[in-house]
Amino acid sequence: MKDHKWLILSGIVAAAVVLAWLGYSLRSGVAVRTIEVRVQTIREFVDERGETRLPDTYVITMPFSGRLDSKPINRLREGTRVSEGEPVARVVAEDIELAVHQARAAVERLDATIDENADVRVEQTVGAQAEKLVESIAESVKAVAARIDASRANYEYAQANLARTRELRRTNARTEDEWELAWAQHAEAAAAYRQDQLVYAAMVALEGGMRLMPDMIRQYIERKLDKSAEVLRRQRDETRASLDLVLQDQRRSIIVSPIDGVVLARRVNNERFIPAGEELLQIGRLDDLEVEADLLSIDAVHVRPGAPVEIYGPAVGEPSAKGTVARVYPAGFTKLSSLGVEQQRVKVVVEIDPADRARLVGERGVAVGYRVRIRITTATKDNALVVPRSALFRGDDGQWRVFVVRNGAARKQVVELGLGNDQEAEIVSGLERGEIVVDVPGSTLSDGVRVTADSKNR
């Protein structure tokens, strides 16, 4: 019975405490943090992750297939500074010198052949002798023609003598010996005449052939000096072109840095055969360091070249660096977010202020591929009515609202927003300068509830 009375007494005490607390709350109000609506400059910006990069990376490649000399390139390391025109790689000198020697020897050999081909003294001598031979044969033909006349006369006489002897032999006016002698003379004269005819025909044919000889020799000389020389000249031009290529390779065999910069990457180090076009080094100029970021396309439409940019983050340190938007790419691309959501993004390039870039590179050691954050200002407005973003909330109708403290009570107020960022928002209508709003209103705060203001300075 005593326990039951004790429980009743405890309940009465607890109820009294609750009633006392409610009474105190009704008199003093719910404690909230408040802030005054101010007039100030507000910036609307896009905040995104970025990465440092170089606008131009100079890739040093093998100019032609060959053996790379390891000595020049082995002294280079990532971060080594190089000067414009400084040798950074070299092809083994002995190999290229041998190729030059072979190409030069081929040109010299063809030069000698052309000189030899241009010397036609032997052919001209043979031509002169041929002309003399033609003259000699022509005289011989004349002599043979005269001899044919004599042979014909002798033959005609022997023929007539044979006929007379035959008639006289019938009357026994000539002896048998005289008849046989006349017949023998006739046969001998006929053979001599026939032989002289054959010799004459042969000499005429020989003369005709020999008369072609000087022309043939002249044509040979002309062809030798014209067509053969042209072929040899073309061959010499080809060998000279090959020599020029080898000499060009000799000049390119010593590979120099195109800029004053630093070695970003070294791909090879030992002496070995390397095909043409294979990458040896990457060289960049850190004085040209810039930032590249991938913006959401819905944000990129508000970004214009020349817009001011704040570059910050652990790599940058304090203070943040300044920059400007140098370029907005005209084409977007699809990228998967860390949550696997497809996003349409656009690349933006930010040029770093030269003084800040010198500090980042020289003092902070920022180089290529460092992660930073950028804040691009897309719009600015002076004398704007501003409240913290944390004071805003949406109503059931989707409109933006704030709690305004009036006469000690929190009152819901519909507002229209203008510019905004992650921290602040411009109020276009619904509030006046100097009014007090609740910052970060709790979910239990309702319209008309009395509040105790705890001012927050911003």
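Trainee: Is Ser-151 buried or exposed, and why?
Mentor: Buried means under 20% relative accessible area. This is a predicted model, and Ser-151 has 10% relative accessibility, so the residue counts as buried.

Trainee: Where does Ser-151 lie?
Mentor: Ser-151 belongs to helix α4, which spans residues 121–170.

Trainee: Which helix holds Asn-161, and why does Asn-161 count as buried or exposed?
Mentor: Asn-161 is in helix α4 too. Its relative accessibility is 16%, so Asn-161 counts as buried. Leaving aside neighbours within four places in sequence, Asn-161 is in contact with Ala-182 and Gln-185.

Trainee: Let us step back to the whole chain. How many helices and strands does the chain have?
Mentor: Seven helices and 22 strands. The chain has 458 residues, and 34% of them are buried.

Trainee: How do I read the contacts across the chain?
Mentor: Look at how far apart the partners are in sequence. Take the contacts with a separation of 6 or more: residues 24 or more positions apart account for 77% of them.

Trainee: Which residues have the most contacts inside the largest nonpolar core?
Mentor: They are Leu-295, Ile-311, Ile-374 and Ile-376, in a core of 27 residues. Several elements give two or more residues to this core, among them β11 (290–296), β12 (308–312) and β15 (371–388). Strand β14 gives the most, with four residues.

Trainee: What does Ile-376 touch?
Mentor: Set aside residues up to four places away in sequence. Ile-376 then touches several residues, including Glu-44, Phe-45, Val-46, Leu-295 and Val-348.

Trainee: Which residues does the second core include?
Mentor: That core is separate and has 19 residues, including Leu-76, Val-268, Ile-274 and Leu-280.

Trainee: How do I read a sheet?
Mentor: Strands of a sheet pair through backbone hydrogen bonds, either parallel or antiparallel. Here, four strands form an open sheet, ordered β7-β6-β4-β9, with antiparallel pairing.

Trainee: Which are the edge strands?
Mentor: β7 (254–256) and β9 (273–274); each pairs on one side only.

Trainee: How many bridges join β4 and β6?
Mentor: Two bridges, in the antiparallel sense, link β4 (residues 66–69) and β6 (residues 87–91). Asp-69 has Arg-90 in β6 as its bridge partner.

Trainee: Now a helix. Which residues of α7 are buried?
Mentor: Asp-356, Arg-357, Arg-359, Leu-360 and Val-361. The buried residues of α7 pack against β13 and β14.

Trainee: Which residue caps the N-terminal end of α7?
Mentor: Asp-353 does, with a side-chain oxygen 3.2 Å from the backbone nitrogen of Ala-355.

Trainee: What follows α7?
Mentor: Gly-365, with a positive phi near 70°.

Trainee: What sits over the ring of Phe-45?
Mentor: The charged end of Arg-375, 4.7 Å from the ring centre. Phe-45 is also one of the residues that Ile-376 touches.

Technical notes
Residues are numbered from 1 along each chain as its sequence is written. This is a predicted model: local features need pLDDT of at least 70, side-chain atom pairs count only at pLDDT 80 or more; totals for chains, interfaces and linings use all residues. Side-chain values use heavy atoms; hydrogens and water are left out. Buried means under 20% relative accessible area, exposed over 50%, partly exposed in between (1.4 Å probe, protein chains only). A charge sits over a ring if NZ of Lys or CZ of Arg is within 6 Å of the ring centre and within 35 degrees of the ring normal. A nonpolar core is a set of buried Ala, Val, Leu, Ile, Met, Phe, Trp, Tyr and Cys residues joined through side-chain atoms within 4.5 Å. Contact means heavy atoms within 4.5 Å. Two strands pair if DSSP finds at least two bridges between them. A polar contact is a pair of N or O atoms within 3.5 Å; within protein, one must be able to donate a hydrogen and the other to accept it, and residues adjacent in sequence count only if both atoms are side-chain atoms.
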